[in-house]
Amino acid sequence: NGTLKAPSAALPMGTVLMQNADGTFGPWAPSPPAEEGQTAEPDPAAVGILLREVPASSSNVDAPVLKRGSLVSASLLKWPADTAEEKKKAAFAALENLGIVAR
């Protein structure tokens, strides 16, 4: 199990997760593009996959999170809308470092 930071919207099973600074999990999202003259922030590491749907909530929610050692279907993973393929590839690499292989 892992603690999800109060989800403002329902999260479907298969949502790729990142870890927040406070140790809770949240939906993975790429870093925003850099403004002119600034260096882009690196994307956060993908650290797990949500194993059940979680409804929106005003408080943190405990939910089952896949954090290592599994084979998952890449086509069933949920990403933010319009996530570029190169961003997904980097997130897949981070998951593979945890032993989560997406095919």
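A: Buried means under 20% relative accessible area, exposed means over 50%, and partly exposed lies in between (1.4 Å probe, protein chains only). This is a predicted model, in which local features need pLDDT of at least 70, side-chain atom pairs count only at pLDDT 80 or more, and totals for chains, interfaces and linings use all residues. Residues are numbered from 1 along each chain as its sequence is written, and side-chain values use heavy atoms, leaving out hydrogens and water.

Q: Is alanine 45 buried, exposed or partly exposed, and why?
A: Alanine 45 counts as partly exposed because its relative accessibility is 45%.

Q: What does alanine 45 touch?
A: Leaving aside residues up to four places away in sequence, alanine 45 touches Leu17, Met18, Trp28 and Ala94; contact means heavy atoms within 4.5 Å. Alanine 45 and leucine 17 are 28 residues apart in sequence, and their C-alpha atoms are 8.6 Å apart in space.

Q: Now the aromatic rings. How many aromatic pairs does the structure hold?
A: The structure holds two aromatic pairs. Rings of Phe, Tyr and Trp (its six-membered ring) pair if their centres lie within 6.5 Å; planes under 30 degrees apart count as stacked, over 60 as edge-to-face and the rest as tilted. Tryptophan 28 and tryptophan 79 form an edge-to-face pair, at 5.5 Å centre to centre and 90° between the planes.

Q: Which parts does that pair tie together?
A: Tryptophan 28 lies in the loop between strand E3 (25-27) and strand E4 (48-50), and tryptophan 79 in the loop between strand E7 (70-72) and helix H1 (85-97), so the pair ties together parts that are 51 residues apart in sequence. Helices (H or I, at least four residues) and strands (E, at least two) are DSSP runs, numbered from the N terminus.

Q: Are these two tryptophans buried or exposed?
A: Tryptophan 28 and tryptophan 79 are both buried.

Q: And what is the pair of tryptophan 79 and phenylalanine 92 like?
A: Tryptophan 79 and phenylalanine 92 are also edge-to-face, with 5.3 Å centre to centre and 80° between the planes. Trp28, Trp79 and Phe92 form one aromatic cluster.

Q: Changing topic: where is threonine 24?
A: Threonine 24 is in the loop between strand E2 (16-19) and E3. Its relative accessibility is 6%, so threonine 24 counts as buried.

Q: Which residues does threonine 24 touch?
A: Not counting residues up to four places away in sequence, threonine 24 touches Thr3, Leu4, Lys5, Met18, Gln19 and Asn60.
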